[in-house]
Structure formats: structure tokens, C-alpha cells
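Hello,

Here is the structure to look over. My notes follow below it.

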Amino acid sequence: MFADRVLSGMRPTGRMHIGHYHGALKNWLRLQEEYECLYFAADWHALTTHYETPERIEESVWEMFIDWLAVGINPARSTIFIQSRILEHAELTLLLGMIAPVGWLERVPTYKDQQEKLSDRDLANYGFLGYPVMQAADILIYRANMVPVGEDQVSHLELVRELARRFNYIYGREPGFEDKAKAAIKKLGSRRAKRYEALRTAFQEQGDEAALQAARDMLDEAQNLALGDRERLFGYLEGSRRMILPEPQPLLTDTPKVPGIDGQKMSKSYGNAIYLREDAASVTQKIRTMQTDPARVHRSDPGTPEKCPVWPLHQIYSDQVRQAWVQRGCTTAGIGCLECKQPLIDAVIAEQQPIHERAQKYLDDPSLVRAIVADGCERARKLAEETMRDVREAMGLAYS
Ligand code: TRP
Ligand code: SF4
């Protein structure tokens, strides 16, 4: 409906590790080459579960941003900002809360899961239950249509889409909508107006999804439309409502699972992570002491790479030839584990070299990061304000 826009957020957990890099950041880098991107530190989200330990948030945010910049997130292409600096997120969270059925929130799978997993904490809180509403506000406030997330976030995205639909259904009602929509069609010009009508009919009468998409594409390209008309034409395609908040799509890229040095999922809280800005000696030591296939007690015991946490790292860092070398060497006891790990150590260190170099500038002068983020916050705020004007108006709060 609007230009393609990517948005994603990460909770500030401090320094990024190679799991973040291969699981998310590389994807973000790719997306910034093609789209307008917004990436933010979800500091309020951190408080929904860690409300008792606020002291680490700020430091974690800056560490995280240094790593984003160090891997190549380019502030000229991507807007990077802090959630809590854009108060409009809170306003939209509050307003979406009015139409968010409690039952929907209780049914989000992560709600019960997390309560069980984080059993040392009391999560029977309003803020924690409302987490997905806040996530909806984060996304909808930028009218982002693409949201790169992991598998675990798909149910949240589904809820975001349902909330957007519900919002448009309730607040997109407009007196004289039909007439206004028809007038907007005329403004498309006669050739495009005809095509719009035909595609709309094909969708409404035959449920032709391709026609719906074609019509949306056509509207995307129609540059001369006022925002209100654009919303009406998008809404009119599907029904009789303006589309004030477009529904976002999750961008699921299949990213490798990166095991930590103990074979569990890599995570700071498990103490098994290899950080992006880790010195070479420490990387070497961590990989050398990394667990291997428990069946390989002696050098002469053959092993099975699929049972070894080192193998998934080879799948990320090694080419086919070296992977074949690992397979053969491991299963025939032709190579030792340290021998197997050495090329991996070299590859991780080589990958980190440019990251260290780019980070240095920001470590030497932290005001650079502050300035980039201040600029990003300002850009984000402008976009958020635009949406909020429409939202307030639709909800009867314009007070003009
Ligand atoms: N919920 C996400 C997580 O815990 C972080 C997040 C918050 C997010 N708001 C978002 C991700 C909006 C994508 C879009 O990982
Ligand atoms: Fe793992 Fe490599 Fe040792 Fe096989 S040889 S057990 S893949 S470290």
C-alpha cells in the first residue's frame, strides 16, 4: 500500500554472538540493499520479562548497536533507533489495547511457554500479556509490510495481522465511503480505473488472489494518489473499509541453527556463545574445547558428524570440499577433532576481522553511535507521527 518497508527489532541482550549474525543480522544486511529498513532496540520488550533488572538495558543497547554497525548495517540505508525514544509506540500500544481481545493474547503460544520456561520469574503481569500488542504497535506504526523474524515469532505476527484487520474493520468505516472510493477510482485515469474495477470484481466474485495482488501492485505504482484515496482504494478492493493499518507479512528465511560450544542453542544466558567481537585467542580456545561427538573418546574411535555440535558450524563456515573432508575424516577416524576444528577456527577469525576493524571507530568515539541513533530516532519519529495522525483521527481523537 505504501512503499515496501522492512522493520525488525531485537531485545537488547548486549554483545551479539555468531548466532545473531548468521540467524538474523546477515539477513538484515541483505534486506538493506533492496528496501527501506528500520531496525530497533526493543528495550520496552526487555522489561516485559526482566522488569526487575533494568540496570543492564542501556549498556546492552549501545553494545548491540556497535555490533550492528560493525557487521555493516549502514545508517545511510537503514534507520536504527530505540523503541522507548519513540513515545508514539506507547500511544499506539494503548489504543490497540482497546480492541485486543484478552483471549487472543492468552492463546499466543509463547505466553504459556515463556511462563513455564522462565519459572523463576513472576510473569502474571499485564505488560507481559500485552507483549504482542506492543509488538503490533512497533510494526503497524511504520506501516511496515515485511518483518524478518524467526520461527518463534510467527504466531506474534499472525496476531499483529489480526489486530490490523480488526482495527481497519472498526475504524476504517467512513461516512460516504463508497462514493469517496468511486471518486478515487476516477482519479486513477480511465485505463487504470477500468483495470482496477475488473481486478476488484475478479477478487470479490471469484476470490482471485492474483487479481487482488495485481490491483495492489497497480496502486503501489500510482504515484499521484493522495494518502486518503490510497487507503480507500486498498480498502475498497477487499470490502467497504479504509485500510489505515496495512497487514505485515513475516519474512521467514531459513537460517541455520547455530549451536553453542556445549551443543545447546547459542545464547548468552547459557554461557556458550562465541561473540562477534571476541579476540582470536579466545575464539581459538572456545572452539578447541568445544564438545564433540561423545562416541569419539579416543582419536582412533570413528565419529558421526551429525552427532557433533562442530558439524553445524562446518555447514555454515566450510565449503563442500571441506565438508566432505570432515565427513570422511570423522567417520573413518582419519582426522582428529582438533584437526577438524582448525579450519573452523580460522574461518571464524577471518569473518571477525572486518567486524573488529569497523567496530574500532565506534569504540574509539562512542559519540558517533549516539549521533547515528539520534538521527535514526528522529527519522522513525517522523514516520510514527504520520501514522498516529491517521490513527487518532480514525479513533475520534483528532481535536482539530
Ligand atoms: N519480539 C521480538 C523478540 O523477542 C522483538 C520484537 C519486538 C520485534 N518488536 C518487534 C521483532 C517488531 C520484529 C518486529 O525477538
Ligand atoms: Fe566432531 Fe569433527 Fe571430531 Fe567428528 S572429527 S567428532 S565432526 S569435531
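Two helices, H16 (320-331) and H17 (337-364), each supply at least two residues of the shell around ligand 2. Helices here are DSSP runs (H or I, at least four residues), numbered from the N terminus. This is a predicted model, in which local features need pLDDT of at least 70, side-chain atom pairs count only at pLDDT 80 or more, and totals for chains, interfaces and linings use all residues. Residues are numbered from 1 along each chain as its sequence is written, chains are lettered from A and ligands numbered from 1 in the order in which they are written, and side-chain values use heavy atoms, with hydrogens and water left out.

Which residues surround ligand 2? They are Thr292, Asp293, Arg296, Cys308, Val310, Val326, Cys330, Cys337 and Cys340. Each has a heavy atom within 4 Å of the ligand. By class, the shell has six nonpolar, one polar and two charged residues. Nonpolar means Ala, Val, Leu, Ile, Met, Phe, Trp, Tyr, Cys and Pro; charged means Asp, Glu, Lys and Arg; the others, Gly among them, are polar.

Ligand 2 sits in the largest cavity. That is, more than half of its atoms lie within 2 Å of the cavity's grid points. A cavity is a set of points, on a 1 Å grid over the protein atoms alone, where a 1.4 Å probe fits but cannot get out; lining residues have an atom within 4 Å of a point. The largest cavity holds about 110 Å³ of space. Its lining has 14 residues, with Arg296, Cys308, Cys330, Cys337 and Cys340 nearest the centre. Helix H15 (310-317), H16 and H17 each give two or more residues to this lining. H17 gives the largest share, three residues.

**Salt bridges**

The whole structure has 20 salt bridges. Each puts a side-chain nitrogen of Lys or Arg within 4 Å of a carboxyl oxygen of Asp or Glu. One network links Glu174, Lys180, Lys187, Asp229 and Arg232. In it, lysine 187 pairs with aspartate 229, the closest N and O atoms being 2.7 Å apart. This pair links distant parts of the chain, 42 residues apart: lysine 187 is in the loop between helix H10 (177-186) and helix H11 (190-206), aspartate 229 in helix H13 (residues 227-238). Aspartate 229 is buried, at 8% relative accessible area. Buried means under 20%, exposed over 50%, and partly exposed in between (1.4 Å probe, protein chains only).

Best wishes

Terms used. On a 1 Å grid over the protein atoms alone, a cavity is a set of points where a 1.4 Å probe fits but cannot get out, and a pocket is an open set with protein on both sides within 12 Å along at least five of seven lines; lining residues have an atom within 4 Å of a point. Grid points are joined across faces, edges and corners, and a volume is the space filled by probe spheres set on the points.
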